[in-house]
Amino acid sequence: MKIDRPQRSRRFLGTLASVTTVALVLTACGGGGADESSGSGTLTMAAATNVQTYDPQMAAVAQEYYLNPVFDTLVHALPDGTFEAGLAESWSSVDPKTFELTLRSDVTFSDDAPVDAKAVAANFERGMSMTASPSLAFYANIASVEAVDDVTVRLNLKGPTTDMLAQLSRLPGMMMSPASFDASPDTQPVGAGGWTYDAAASSAGDVQVFQANSDYWDPESVKVDTVEIKVIEDAAAATNAVLDGQVDMIELRGEGDRATVDNGTLQLIERTTPNVYYVQIMDTDGTLLEPMKDERVRRALNLAINRESFDTGLQFGNGDATANFWLPDSPYYDASTEELAYDPAEAKRLLAEAGYEDGFKVTFPSFGALTVVSESIQQMWAEIGVDVTIEQVEPGTLATVMRDGKTTMAPTLARGFTAESQYAERFAPGSPYDTLGTDRGDVADLAKVALTAETPEAQAKGWRDVYTYLIEQGYLMVIGHETPTVVAAENIKGVELAPSDNLPKPFDISVG
């Protein structure tokens, strides 16, 4: 059965795994599945957006899957939320502001340069100098970095952190050869990953190709010769591609497609942590749109989001209608935010009280998969007199547009986040999404409490207070939650999703 209807949203099947504070578990090094033959066949995945850059320090988190084959990370994240050794074989927190990594010896980049402490320190120093980096919040917390000896790297931090390992398992932990810094890192990546980029076989806007790296430090985890990532923007086309065997794997993009792909042959692999659809307000001071400086207006917009309708219409009744960023089984959940349940009458009253009885106009940037979410908010807010215009942007560029200093707000999606990383990247004063330099009230003081707390319970309470404040102030407005699901062909083995994965990292995956 083929799909030719418009994309629908995904459903939420699970619950948010309990978040513990830096549950640092060091497991055995290297990938699993050592009984599988190494380097055989081609693994083909489909992505919804074209690659924007191969530079780890400039890439957006939503496009990590393009960089995963080329760049290994210092730390590897496991599906259960723990961590294992990557390019770093061990680590330690010397004190709350000092973190040390011990690297593997005799590991090289694909250009044969050593992955030593000097190279790793150079990566961090480069990131610290790149003020336009989407990972700026991470780098901004590093005061200095030292190559203590050939294999020891010391990070001297400005302040304590609760998610260092999570960050080092993602873009900030991807190490690139220093020789490539001044070459063409956007299009000619040089990393220490299981595969190398095949520019000759790749075609912009069509397919990106990667070939097995015979010198990768963990050859047992490289089980396919070639990894291909094809660009298939249309959701129905992506579903048909995996049904027809044109690709081995896709991210399920529409809950309406679940019954079709759950056909007893294809595999459905779900991530344990959900994504969150929400409206992010960049202009909290009314610099671009005057009504946004009024807390009553922001509260009215929040009250005008019909989460039950979103769940029924786009999540097929399998979502969660909470107004909280976190689900009820999370230690960060605060039931008091449920007072923001759908109440259009109160929303209209607040708008009138603030002097906007006739509403106002606002423009959203959006693209592809998020357009249906933006349209749902457009319809809901129309009921209280707020006129929304949706402007389409190129897939893969929404994050850039949201940071351009010209965008008031946008519906977006939080993927594979931690409490600290989401706050630091999106909501902290001076963060990459605060290009307008807006007033964020007490949020920085609340975050400081969370960051300096000495027990997991105190940290959890601290982050709970941060997110409750953000929601009550109307700096973020939750729309709904979803569980990411990957659809894989029957002969694909070893697929697992770490907490931040939208498509799986190709390590330990084989084509049977």
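**Reading exposure, helices and contacts**

Tutor: Let us begin with aspartate 112, which is exposed because its relative accessible area is 57%, above the cut-off of 50%. Please keep in mind that this is a predicted model.

Student: Where does aspartate 112 lie, and what is the value of its phi?

Tutor: Aspartate 112 belongs to the loop between β6 and α2. Its phi is near 75 degrees, a positive value in a residue other than glycine.

Student: Where is aspartate 106, and is that residue buried or exposed?

Tutor: Aspartate 106 is placed in the loop between β6 (98-103) and α2 (117-129). With a relative accessible area of 79%, aspartate 106 is exposed. Its phi is positive, about 65 degrees, although the residue is not a glycine.

Student: Which residues of α14 are buried, and what covers them?

Tutor: A residue counts as buried when its relative accessible area is under 20%. In α14 the buried residues are Gln459, Ala460, Gly462, Trp463, Val466, Tyr467, Thr468, Tyr469, Leu470 and Ile471. Their cover includes α7 (295-303), α12 (419-427), α13 (443-452) and β18 (476-482).

Student: How should I describe the way α13 and α14 cross?

Tutor: One gives the distance between the axes, the angle and the handedness. The axes of α13 and α14 come within 7 Å and cross at roughly 165 degrees. The two helices are therefore roughly antiparallel, since the angle is over 145 degrees. Their crossing is left-handed. On the α13 side, Val443, Leu446, Ala447, Ala450 and Leu451 take part, meeting residues of α14 that include Trp463, Val466 and Leu470.

Student: At what angle do the axes of α12 and α14 cross, and which residues meet?

Tutor: These axes come within 10 Å and cross at roughly 40 degrees. The crossing of α12 and α14 is left-handed. Ala419, Glu420, Gln422, Tyr423 and Phe427 of α12 meet Trp463, Val466, Tyr467 and Leu470 of α14.

Student: Now for single residues. Is asparagine 50 buried or exposed, and what is it in contact with?

Tutor: Asparagine 50, in the loop between β2 (42-47) and α1 (64-67), is buried because its relative accessible area is 17%. Leaving aside neighbours within four places in sequence, asparagine 50 is in contact with Gln63, Tyr66, Ala204, Gly205 and Val231. A polar atom of its side chain lies 3.4 Å from the backbone nitrogen of glycine 205.

Student: How does glutamine 211 count, at 27% relative accessibility, and what does it touch?

Tutor: Glutamine 211, found in strand β10 (residues 207-212), counts as partly exposed at 27%. Apart from residues up to four places away in sequence, glutamine 211 touches Gly194, Trp195, Thr196, Asp198, Asp225 and Thr226. The side chains of glutamine 211 and threonine 226 are joined by a polar contact of 2.8 Å.

Student: How far apart are glutamine 211 and threonine 82 in sequence and in space?

Tutor: They are 129 residues apart in sequence and 29 Å apart in space, C-alpha to C-alpha.

Key: Residues numbered from 1 in each chain as written. Predicted model: local features only at pLDDT ≥ 70, side-chain atom pairs only at ≥ 80, totals over all residues. Heavy atoms only, no water. Buried < 20%, exposed > 50% of the residue type's maximum accessible area, 1.4 Å probe, protein only. Helix = DSSP H or I, 4+ residues; strand = E, 2+ residues; numbered from the N terminus. Contact = heavy atoms within 4.5 Å. Polar contact = N/O pair within 3.5 Å; in protein donor to acceptor, adjacent residues only side chain to side chain. Axes fitted to C-alpha atoms, helices over the stretch in contact; angles between N-to-C directions. Parallel < 35°, antiparallel > 145°, perpendicular 65-115°, else oblique. Left-handed = near helix turned anticlockwise from the far one by under 90°.
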